[in-house]
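The sequence and the structure come first.

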Amino acid sequence: MISQIYRVLFLLSSLIYTVETGEDEVTQLAQWTVVKEAGNASMECSRTTTSGTVHWYRQYPNQPPQYLVMAKREADQHERISASVSTDYKHTVLSVRDARLYDTAIYLCANGDTVV
Ligand SMILES: *[C@@H]1O[C@H](CO)[C@@H](O)[C@H](O)[C@H]1NC(C)=O
């Protein structure tokens, strides 16, 4: 019998509010996600505005958030970590494929006014 040992990774998503206007709210839908190593995970954020772009950040304990990816209408399927935007532009989903141990982190989504 071969038994496989999986490490369980925790991906936490949190929310931050846009600093530009102070009005447009960004909300995370799942507070935490558990994924096996090499598994796939996704996290969703919704926002009250349809303008601007959504950016995802990753934060490790005791460190500032690191920029991860910008959400796009057509998410790049070739990337291990990508973010898509729904057709109504209100929801964004961050997808993590083939999760690694270092993916264990807090994930933040933010609305930005700058289009890059
Ligand atoms: C993760 O997603 C990829 C591509 O969508 C798929 O090929 C793979 O089988 C999935 N892995 C698991 C563990 O579900």
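Glu44 counts as partly exposed because 17 C-beta neighbours lie inside 10 Å. On this scale a residue is buried if 20 or more other C-beta atoms lie within 10 Å of its own, exposed if 12 or fewer, and partly exposed in between, with C-beta atoms placed from the backbone. Glu44 belongs to strand 4. From Glu44 to Val85 the C-alpha to C-alpha distance is 9.8 Å, and the two are 41 residues apart in sequence.

The model is predicted: local features need pLDDT of at least 70, side-chain atom pairs count only at pLDDT 80 or more, and totals for chains, interfaces and linings use all residues. Residues are numbered from 1 along each chain as its sequence is written.

The chain has nine strands and zero helices. Both are DSSP runs numbered from the N terminus (helices: H or I, at least four residues; strands: E, at least two). Of the 116 residues in the chain, 22% are buried.

The largest nonpolar core holds 16 residues, and Val54, Trp56, Leu94, Tyr107 and Cys109 touch the most other members. Such a core is a set of buried Ala, Val, Leu, Ile, Met, Phe, Trp, Tyr and Cys residues joined through C-beta atoms within 7 Å.

Tyr57 has Leu108 in strand 9 as its bridge partner.

Leaving aside residues up to four places away in sequence, Trp56 touches Leu68, Val69, Ala71, Ala83, Leu94, Tyr107, Leu108 and Cys109. A contact here means C-beta atoms, placed from the backbone, within 7 Å.

The mean pLDDT of the chain is 77, and 70% of its residues reach 70 or more; pLDDT is the predictor's confidence in each residue, from 0 to 100. Among the elements, strand 7 has the highest mean pLDDT (94) and strand 1 (residues 8-15) the lowest (59). Over residues 15-21 the pLDDT is below 50, and this stretch has 13 contacts in the model beyond near neighbours in sequence. Where pLDDT is low, the predicted coordinates should not be read in detail.

Notes. Contact = placed C-beta atoms within 7 Å. Pairing = 2+ DSSP bridges.
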